Amino acid sequence: MDAKAAAKAVKQGEVSAVYLLYGSEKFQMKEFAEFLEAQLIPKEDRDFALVHMDLGEVPIQTVIEEAETVPFMVQKKLIMVRDTAFFTAAKDNGKVDHRPEALLDYLTNPADYSVIVFMVGQEKLDERKKVVKAVKKSGVALSFMPLGGEDLLRWVDKQVKKGDCTLREGAAEAIVRNAGTSLQALSGEIEKLCLYAGAGGVIDVATVDMLVARSTEQNVFALVEDIANLRLDKALGIYYELLKQREEPIKIAALITRQFRIILQVKTLSTQSYSQQQIASQIGLHPYAVKIAGEQARKFETARLEGILNHLANLDYQMKTGAVDKVLGIELFLLRLGA
């Protein structure tokens, strides 16, 4: 079951006694938790019906005791539990004495007036643990992983529509290009863009570039994109802008090197029939970044990418030893690359 199916079931009155939310996409996980809160607990009851606990501070048996305690002045309670290592293979700090059998016993006969939501900010659960197997069998386990390339753009479009605005062609890509792939950051930038455009407004690429500032990493990402598309004037413009922002040339060179290394890795793994998600997992990158790197990779031969990385390694040595002026060194590198 995925989050959409779980949400549909809740709306139809099919509520599980225990939910186990896990994954690295914390924004969507938080959204689902807030959805449960909105669906299950009336606003006027939340002071009595909403309980927050942390397994890094209290044992699991305390959570179960809370779940088994009849709610006061409300019909149902929602217990939000932050997890540290209880459901994962991470090392426990040893400060809390958890007795997993308490949860195992509870799952055989859960209280009908309590809903427990465990929130685990890790990509993987420890499938060897009995509690993980038991929750998956008796409750609902939902994975929240980074959105793939097209899914991320659809998410951006959906969020903009929620703000009563629409996007012109290329604007969704521009928002991601400037703000990055963090849903939390994207949500904030989309809210700002919608406020600027106003109800029923239209957001175009120019508006995005005017309002959404790019980080150094995103600027370098755009710089390499311009190089890949032979837009040398734009690439140099981004470089000069980074210098105006007092960014260290050696840092800029390191970020350029990182991006070209990613492009080479994506190209190599793509030739081995790895999927976008598999590549993202293999090199620890967001799927959307893999998508863009894959598009860039098609514009370079493997031998040329290897040559660029060798050139960057030599440039790094020359800049650090004073053999070349740092600003001029990167400028000459970009000019030669676009020649």
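**Largest pocket**

In this predicted model, the lining of the largest pocket receives at least two residues from each of helix 1 (3-11), helix 2 (26-40), helix 7 (149-162) and helix 14 (276-283). Helix 7 provides the largest share of that lining, six residues.

- The volume of the largest pocket is about 1,100 Å³.
- The lining comprises 31 residues, of which A3, Q28, F144, M145 and L147 are the closest to the centre of the pocket.

**Salt bridges**

- The structure contains 16 salt bridges; those described here include one within helix 7 and one within helix 16.
- D151 and R154 form a salt bridge through their side chains, with an N to O distance of 2.4 Å. About one helical turn separates D151 from R154, because they are three residues apart in helix 7.
- D151 is partly exposed, at 37% relative accessibility, whereas R154 is exposed, at 52%.
- In helix 16 (residues 302-321), K320 and D316 are four residues apart, about one turn of the helix. Their salt bridge has its closest N and O atoms 3.2 Å apart.
- K320 is exposed, with a relative accessible area of 55%, and D316 is partly exposed, at 25% relative accessibility.
- K251 and E247 are also joined by a salt bridge, in which the closest N and O atoms are 3.5 Å apart. K251 is partly exposed, at 36% relative accessibility, while E247 is buried, at 17%.
- A network of salt bridges links E150, K291 and E295.

- C194 is in no disulfide, and its nearest cysteine sulfur, belonging to C165, is 3.6 Å away.

**Nonpolar surface patch**

- F48, F72 and M73 make up a nonpolar surface patch of about 380 Å².
- M73 is located in the loop between helix 4 (60-68) and strand 3 (77-82).
- The relative accessible area of M73 is 62%, and the residue is therefore exposed, the threshold being over 50%.

Definitions and conventions:
Residues are numbered from 1 along each chain as its sequence is written. This is a predicted model: local features need pLDDT of at least 70, side-chain atom pairs count only at pLDDT 80 or more; totals for chains, interfaces and linings use all residues. Side-chain values use heavy atoms; hydrogens and water are left out. A disulfide is a pair of cysteine sulfur atoms within 2.5 Å. Patches are made of residues with over 30% relative accessible area and no salt bridge: like charges are joined within 9 Å, nonpolar side chains (Val, Leu, Ile, Met, Phe, Trp, Tyr) within 5 Å. Accessible areas come from the Shrake-Rupley method with a 1.4 Å probe; for residues, only the protein chains shown count as cover. A salt bridge is a side-chain nitrogen of Lys or Arg within 4 Å of a carboxyl oxygen of Asp or Glu. Buried means under 20% relative accessible area, exposed over 50%, partly exposed in between (1.4 Å probe, protein chains only). On a 1 Å grid over the protein atoms alone, a cavity is a set of points where a 1.4 Å probe fits but cannot get out, and a pocket is an open set with protein on both sides within 12 Å along at least five of seven lines; lining residues have an atom within 4 Å of a point. Grid points are joined across faces, edges and corners, and a volume is the space filled by probe spheres set on the points.
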